[in-house]
Amino acid sequence: MREVPRITADEAARLVRDGDVLMAGGFGMTGHPVHLLHALAATGVRDLTYIGNNVGEAGLGGGRLLRNGQIARAIGSYFTSNREAVAAAQSGAVQVRLLPQGTLAEAIRAGGAGLGGFYTPTAAGTVIAEGSDVRDIDGVPQLFVPALRANIAFVRAWRADGAGNLVYRMTEQNFNRAMATAADVVVAEVERIVPVGELAPEAIHTPGLYVDYLVEAHTTLEELGSSGSVAAAGQRVDDARLQMARRALRELRRGDVVNLGIGIPTLVADLIGPDDGIVLHTENGMLGVGPSPDEGGALDHPVNAGKIPVTALPGSSYFDSADSFAMIRGGHVDVAIMGALEVDAQANLANWAVPGQPLLGVGGAMDLATGARRLIVTMTHTGTGGAAKIVPACTLPLTARGVVDVLITDLAVFTFDDGRLTLVELMPGATLDEVRARTAASFVERLAR
């Protein structure tokens, strides 16, 4: 059996050259090859193109390369989790190319499979599609996305054997599995290297033929950043938000596979009981998400798409981000619940960007909005200063067109019956006059008597 060379993090860093395209695995800080990236940050390498879901956190992982000015270009889906990445994009210090999260994962998988690219309905009709080759395929507009490859990939695994076979821990497969296939040189940072034969063949996620070098390095809580402890993951919960979450729960049916967006939708998870028969899906690679644990962090538990430690229910499964988004685009997720900045009378959704700010954080919203069989939106009825958020036509950059099925606000519940915005229910304490006054879009009233 082939033996893969074992090297140090410093030796791995010396494999990277000025101007290289570098892939870095991880979702947030989980599964992020921190030790390799920190060793690279200690070198003089510059002018890197960095491909990753995000650029670590401030001063951590890829964030340390960013702080040092070593990254010239970045390709990813969610840079807003690192305030220094936002500042670098605003100043022009880093050129950013934003891709929807599922598109990013699939582009990497295509690169590893020797494909030139693929067509996807995700982002069609949005600013991200501008300049793309868009074609009508079976009546659906789809845009072409070129494959992504790199000179070198740094990935993080839980176990490796001497032959380079890799096993990932819980939700740490994320972008690592695809990236391990899509670079000229692949370096795997692993928690422990075991003798050949100790890993069961059926347990291996990445075959050793993809891996060129192994580095053994141990992760600490500090290196997991905001996911290191569930105590850092608290969010503001008020009666109005809980009321919207409870109303959204009423829309779900036993057996539904459901994806929850960040913000108000995440509150639904803690309202679901063990007898409800609802299966929660998270786009970073898990089916069967349970409630937040009382203690611990990402060393003890999987994380959800909000990078928050969660529990795993009996029957749960883990997979990588490319498979997760294939589930979404393939119509295998029954319901997505997400927040919004605007919803309009044509069921269009805008929930990821505002004017005057860099386009840096689309995440998985576009994939979910177009791929889930049913979309429920929860949001406050009005914004800052009472500005209407239910409008005749969205003024903010669109997430997807004609996708909203149910809209739940702190004042009312709307559906889109026969393609028309329809008021079907008032929330407790709200009045019809109040809803009329605070809704800019025209709507049909079909309240139960």
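A residue counts as buried when its relative accessible area is under 20%. Glutamate 189 has 0% relative accessibility, so this residue is buried. The model is predicted.

**Glutamate 189**

- Glutamate 189 sits in strand β10, which spans residues 183–194.
- Leaving aside residues up to four places away in sequence, glutamate 189 touches His32, Pro33, Val34, His35 and Leu36, among others.
- Its contacts also include Val155, Arg156 and Ala157, as well as Val215 and Ala217.

**The ten-strand sheet**

- Ten strands make up an open sheet with mixed pairing.
- The strand order is β15-β14-β13-β12-β16-β19-β21-β22-β23-β24.
- β15 (312–318) and β24 (444–445) are the edge strands, and each pairs on one side only.
- Strands in a sheet pair through backbone hydrogen bonds, in a parallel or antiparallel sense.
- Methionine 286 stands opposite tyrosine 318 in β15.

**β22 and its two partners**

- Five of the six residues of β22 (residues 412–417) are buried, so the strand is largely enclosed by the rest of the structure.
- β21 (residues 406–408) pairs with β22 in the antiparallel sense, over three bridges.
- Leucine 407 faces phenylalanine 414 of β22 across this pairing, standing opposite it.
- β21 and β22 form a hairpin, with three residues between them.
- β23 (residues 420–426) also pairs with β22 in the antiparallel sense, here over six bridges.
- Valine 413 stands opposite glutamate 425 in β23.
- The hairpin of β22 and β23 has two residues between the strands.
- In that hairpin, aspartate 418 takes a positive phi near 55 degrees.

**Other positive phi values**

- Most residues other than glycine have a negative phi.
- Aspartate 47 has a positive phi, near 60 degrees.
- Aspartate 47 is placed in the loop between α2 (34–41) and β2 (48–51).
- Its relative accessibility is 39%, so aspartate 47 counts as partly exposed.
- Methionine 170 also has a positive phi, near 45 degrees.
- The loop between β9 (166–167) and α6 (176–179) holds methionine 170.
- Methionine 170 has a relative accessible area of 18%, so this residue is buried.

**The three-strand sheet**

- Three strands form an open sheet in the order β5-β7-β6, with antiparallel pairing.
- The edge strands are β5 (117–120) and β6 (134–137), each pairing on one side only.
- On average, neighbouring strands of this sheet are turned by 35 degrees against each other, with direction ignored.
- Four bridges link β6 to β7 (residues 140–146) in the antiparallel sense.
- Aspartate 136 stands opposite proline 141 in β7.
- Helix α5 lies across β5 and β7.
- α5 runs at about 150 degrees to β5.

**Helices α5 and α8**

- α5 (residues 101–112) packs against α8 (residues 321–329) at an angle of about 120 degrees.
- This angle makes α5 oblique to α8.
- The axes of the two helices are 9 Å apart.
- The crossing of α5 and α8 is left-handed.
- On the α5 side, the contact involves Gln101, Gly102, Thr103, Ala105, Glu106 and Arg109.
- On the α8 side, it involves Ser321, Ala322, Asp323, Phe325, Ala326 and Arg329.
- By class, the contact has four nonpolar, four polar and four charged residues.

**Glycine 69**

- Glycine 69 lies in the loop between α3 (62–67) and β3 (71–76).
- At 45% relative accessibility, glycine 69 counts as partly exposed.
- Glycine 69 and alanine 88 are 19 residues apart along the chain.
- Their C-alpha atoms are separated by 9.1 Å.

Terms used. Residues are numbered from 1 along each chain as its sequence is written. This is a predicted model: local features need pLDDT of at least 70, side-chain atom pairs count only at pLDDT 80 or more; totals for chains, interfaces and linings use all residues. Side-chain values use heavy atoms; hydrogens and water are left out. Axes are lines fitted to C-alpha atoms, for helices over the stretch in contact, and angles run from 0 to 180 degrees between N-to-C directions. Angles under 35 degrees count as roughly parallel, over 145 as roughly antiparallel, 65 to 115 as roughly perpendicular and the rest as oblique. A crossing is left-handed if the near helix is turned anticlockwise from the far one by less than a right angle, and right-handed if clockwise. Contact means heavy atoms within 4.5 Å. Ala, Val, Leu, Ile, Met, Phe, Trp, Tyr, Cys and Pro count as nonpolar, Asp, Glu, Lys and Arg as charged, and the others, Gly among them, as polar. Two strands pair if DSSP finds at least two bridges between them. Buried means under 20% relative accessible area, exposed over 50%, partly exposed in between (1.4 Å probe, protein chains only).
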